[in-house]
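Please give a short report on this structure.

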Amino acid sequence: LSEGLTHVVVTAEMVHGADPHLNEDTRFWVVRARVSAGEVTGLGTIFSGAYIGMDPGESHKPMRSFKGLEIPPVVTEGLPGRHFLLRSERLGSLDIGSPIYYRQIEVGQIVSYILEPDNKTIRFNAFVNAPHHRLVYKNSKFWNASGLDVRLDADGIKIQTESLVSLIGGGVAFDIPADQTPGFQAPEDYVFELFQNREDIQEKTQAQLNHWILQFKGSVRGLSVGAPVELRGIKFGEVTDIKPQFDPESLNPIILVYIATDPEAFTTVGPVTLSPTGSVDALVAKGLRAQLQTGNLLTG
């Protein structure tokens, strides 16, 4: 035990010829029987006992004192493939070793994750094996494929999952949105946003949306952030925020509803061509207004 009783000091004797591998970035950990991400590792330790695993580093600076890892890493050193960085606000059910899928084929796994300095974002280190790393383009989208994706629409109930492993232990999937073509291949350590589900990868970014403010003098009970904005039954936006406001002149409260709409939802026909934003402006000038309606009994 250490002097402060905070950790255990292990003295290891290495075999002859191991000196070149004891460098600054060499990693050590204890191998035990472990179940994670739908797979079992270290079963041999049940009969032989725990042992120490080692991952030689690439540094040339010798080192003799190391801090052992609490969680066994996923060793990708020397394996053909490429690392990518994923950023998300939530960890979810992802863990070290969680699989990465491309069209339901396992092509990689999560190597590590850390909390960013802002304490708001989690950064994942993802490794995609060769030759599948060539399928990752700069316009590829990654999403959390954990659990079940259940949708209820006019065609009935649809249930989708990448695999039984991702259902139990979590996983990540990637692909290119249906309306896009492959761009340039993503280089090593290219940063991607990790979306919460597959549906989110089709959503427009905030920079591509038009923003509007709606004023309601009556009750907006049942309306929440994320509620759809529809025109004749077709969704072309959603509610982004709801704020109450007080008018000191009329002494009446007013509810401000902030919405974001897709400017590419409308196209013009005929000889007169309007920009996507101009199409909506023209409808507003003609008398387009918003009103509250009940979507369904479940969502309001």
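Leu1, Leu5, Val8, Val10, Val30 and Ile52 make a nonpolar surface patch of about 630 Å². Patch residues have over 30% relative accessible area and no salt bridge, and nonpolar side chains are joined within 5 Å. A salt bridge is a side-chain nitrogen of Lys or Arg within 4 Å of a carboxyl oxygen of Asp or Glu. Areas come from the Shrake-Rupley method with a 1.4 Å probe.

This is a predicted model: local features need pLDDT of at least 70, and side-chain atom pairs count only at pLDDT 80 or more, while totals for chains, interfaces and linings use all residues. Residues are numbered from 1 along each chain, and side-chain values use heavy atoms, without hydrogens or water.

Val10 lies in the segment before β1 (27-31). Asn23 is found in the segment before β1 too. Val10 counts as exposed because its relative accessibility is 60%. Asn23 is buried, at 6%. Buried means under 20% relative accessible area, and exposed means over 50%.

What does Asn23 contact, leaving aside neighbours within four places in sequence? Its contacts (heavy atoms within 4.5 Å) are Gly57, Ser59, His60, Lys61, Pro62, Met63 and Phe66.

Now the strands, which are DSSP runs of E with at least two residues. Two strands pair if DSSP finds at least two bridges between them. Strand β9 covers residues 141-144.

| Partner of β9 | Sense | Bridges |
|---|---|---|
| β12 (residues 172-175) | antiparallel | 4 bridges |
| β13 (residues 190-195) | parallel | 2 bridges |

Phe142 has Phe174 as its bridge partner in β12. In β13, Phe142 stands opposite Leu194.

How values were computed: Patches are made of residues with over 30% relative accessible area and no salt bridge: like charges are joined within 9 Å, nonpolar side chains (Val, Leu, Ile, Met, Phe, Trp, Tyr) within 5 Å. Buried means under 20% relative accessible area, exposed over 50%, partly exposed in between (1.4 Å probe, protein chains only).
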